[in-house]
Amino acid sequence: MEGSRVKDDEVFLALIGDEKASAFLSQIDERILSGFAPLEKGTVLQFGCTTLSLTEGLLDLIGGSGRIVVVDPRLPLLDAVRFRTGRGHQGKVFFKSNLDWKRIPFDDEVFRSVVSALFWDQSPNRLRTLSDLHRVLLPGGDVALATHSQGSFAEFYDLYAETLTKFDLLHLTQSLQAARGAHPGADEARDLLVECGFTRPSFEDVETRLEFRNSKEIFESPLVKALFMPLWTSIGADESEHVLWHVRQAWDRYFSGRPLRLTARTAILRGYR
């Protein structure tokens, strides 16, 4: 258990200094902040700090009496945000590392806004977590959430499906379909927000084409290891190492001498209480 935690910490530390990850995550921050109304007073919940510059952007938009509460159990990322905000914002940003996915650790109707980029969707029960985010919002408050959307990682999933057929691993097909289905389209995302009590739901899709020299670079990328790989490995469970090895071979075979492209689509979901 301790070894697994140390390994996870190393992955997140690598994510912090990675240029490709920074470019990818910064554009998500920009889209979230572009729809964020300046807040003169009140408290914002930043649920997760995958995108490290989001806190700084929020600080530029809140007034003198505004506050930000950052919650993330991933200590390397939480500490990185704490360091980046610095002492100049003492009393305006508060950090919390303990999190129980069954219930977000705040009372009802506390926050004016909630933002969460590529973190809320890691919940084992997204519906319950969205309902909980609705619970902690003040009436009239708004939420801005980023998640991988329909069409994400299409190149990877296509090669994965081909591998399952080629090596008679079709018993994993349902898991593959479930992984693909975890990325919502516009209608599904809006319906999910409404089901959890949000009004005026909206959906914005942002597409990013990531390029790599070969499959080794993909699978060693801090961005992929931290944010994409947990879902990818969940498909094959105990057989993941075997399946992913064949996926890598196929990727290199098909794109020998050419850049490998991976499509990442990110949905920005907004709603109000």
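The legends below describe close-up views of a predicted model. Residues are numbered from 1 along each chain as its sequence is written, and side-chain values use heavy atoms, with hydrogens and water left out. Because the model is predicted, local features need pLDDT of at least 70 and side-chain atom pairs count only at pLDDT 80 or more, while totals for chains, interfaces and linings use all residues.

**View 1. Helix H5 and the elements against which its buried residues pack.** Helices (H or I, at least four residues) and strands (E, at least two) are DSSP runs numbered from the N terminus. Helix H5 covers residues 126-136, and its buried residues are Thr129, Leu130, Asp132, Leu133, His134, Arg135 and Val136; buried means under 20% relative accessible area, exposed over 50%, and partly exposed in between, with a 1.4 Å probe and protein chains only. These buried residues pack against strands E1 (39-47), E4 (111-117) and E5 (137-148), and also against helix H8 (186-195), where contact means heavy atoms within 4.5 Å.

**View 2. Strand E7 and its pairing with E5 and E6.** Strand E7 spans residues 260-272, and ten of its 13 residues are buried, so the strand is largely enclosed by the rest of the structure. Two strands pair if DSSP finds at least two bridges between them. E5 pairs with E7 in the antiparallel sense over seven bridges, and leucine 145 stands opposite leucine 269 of E7. Strand E6 (residues 199-212) also runs antiparallel to E7, joined to it by twelve bridges, and arginine 209 has threonine 263 in E7 as its bridge partner.

**View 3. Serine 215 in helix H9.** Helix H9 comprises residues 215-220 and includes serine 215, which counts as buried because its relative accessibility is 1%. The side chain of serine 215 makes a polar contact with the side chain of aspartate 252 at 2.6 Å; such a contact is a pair of N or O atoms within 3.5 Å, and within protein one must be able to donate a hydrogen and the other to accept it, while residues adjacent in sequence count only if both atoms are side-chain atoms. Leaving aside neighbours within four places in sequence, serine 215 is in contact with Arg248, Trp251, Asp252 and Leu260.
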